[in-house]
Amino acid sequence: MKITTICKVIVLGTLSCTTYASNLTKSSPQQACNAMAKVGLITNGWKNRYEDSYGCSSPYKDIGNAYPLPNNLAFYAEGNSSKVDKVKIVLNFNDTSNTKNAYAELQKAAALLVTEFTGSAITQALKTAIASRSNISTTINNASVTVEKIDWPSGGYEIQVIIH
């Protein structure tokens with residue numbers, strides 16, 4: 001089990017750190033990078049980003065056709081040369097007037113992400129957090145699962161579902 005510490009700078013420069021114990025059911029790069037293909041999130045394969053930081057990501061999957069940017073969904077996996085220790089899906093809400101289909105796609109992708117990387121079905125609490133745009137952190141089969149909403153200054157926002 002790998003221990004990961006994530007730090008964020010909160011308002012007024014306060015530093016907040018959280019430590020996660022990674023216990024993903026799919027930790028091989030090849031398995032992880034292919035895990036979300038069922039929902040159209042196909043990655044470019046495991047790549048060295050810098051030093052001992054590796055990852056894969058899917059191109060944005062557009063949901064709708066708003067101009068200039070539709071809502072879109074992407075998948076990311078991160079780790080070292082031989083093991084994945086973090087995966088996430090990110091839904092960017094660029095067109096906040098049209099969210100119904102975007103939420104449906106996010107719920108479907110989140111359910112697959114949780115099943116593939118924890119070995120269990122998504123919980124009702126996670127589904128509710130996604131639908132209500134609420135932040136939550138829980139543990140499923142020793143993996144940390146977080147739903148986080150991030151507001152943008154432009155008026156849009158993103159919702160991330162992260163598993164460590």
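User: Which residues of helix H3 (residues 124-132) are buried, and how do you know that the word applies to them?

Analyst: In this predicted model, Leu126, Ala129 and Ile130 are the buried residues of H3. The word is used for under 20% relative accessible area, so Leu126, Ala129 and Ile130, being classed as buried, fall under that cut-off.

User: What covers the buried residues of H3?

Analyst: The cover includes helix H2 (100-118) together with strand S8 (136-140), strand S9 (143-151) and strand S10 (157-163). Just after H3, arginine 133 adopts a positive phi of about 60 degrees.

User: What makes the largest nonpolar core a core, and which of its residues touch the most other members?

Analyst: A nonpolar core is a set of buried residues of the nonpolar kinds joined through side-chain atoms within 4.5 Å. The largest one has 39 residues, of which Met36, Phe75, Val87, Ile89, Leu113, Phe117 and Ile163 touch the most other members. At least two residues of this core come from each of helix H1 (29-34), S6, strand S7 (84-93), H2, H3, S9 and S10, and H2 supplies the largest share, 9 residues.

User: Which residues is isoleucine 89 in contact with, leaving aside its neighbours within four places in sequence?

Analyst: Contact requires heavy atoms within 4.5 Å, and for isoleucine 89 the residues that meet this, with those neighbours left aside, are Met36, Leu41, Leu73, Ala74, Phe75, Leu106, Ala109, Ala110, Leu113, Ile159, Gln160 and Val161.

User: How do you know which residues line the second largest pocket, and where do they come from?

Analyst: A lining residue has an atom within 4 Å of a pocket point, and 15 residues line the second largest pocket, with Tyr50, Ser53, Tyr54, Glu78 and Gly79 lying nearest its centre. Strand S3 (47-50), strand S4 (53-57) and strand S6 (71-79) each contribute at least two residues to that lining, and S4 gives the most, with 5 residues. The space in this pocket is about 220 Å³.

User: What is the make-up of the lining of the second largest pocket by class?

Analyst: The lining has 5 nonpolar, 5 polar and 5 charged residues.

User: How many helices and strands does the protein chain have, and what percentage of its residues count as buried?

Analyst: The secondary structure of the protein chain comprises 3 helices and 10 strands, and of its 164 residues 44% count as buried.

How values were computed
Residues are numbered from 1 along each chain as its sequence is written. This is a predicted model: local features need pLDDT of at least 70, side-chain atom pairs count only at pLDDT 80 or more; totals for chains, interfaces and linings use all residues. Side-chain values use heavy atoms; hydrogens and water are left out. On a 1 Å grid over the protein atoms alone, a cavity is a set of points where a 1.4 Å probe fits but cannot get out, and a pocket is an open set with protein on both sides within 12 Å along at least five of seven lines; lining residues have an atom within 4 Å of a point. Grid points are joined across faces, edges and corners, and a volume is the space filled by probe spheres set on the points. Helices (H or I, at least four residues) and strands (E, at least two) are DSSP runs, numbered from the N terminus. Ala, Val, Leu, Ile, Met, Phe, Trp, Tyr, Cys and Pro count as nonpolar, Asp, Glu, Lys and Arg as charged, and the others, Gly among them, as polar. Buried means under 20% relative accessible area, exposed over 50%, partly exposed in between (1.4 Å probe, protein chains only).
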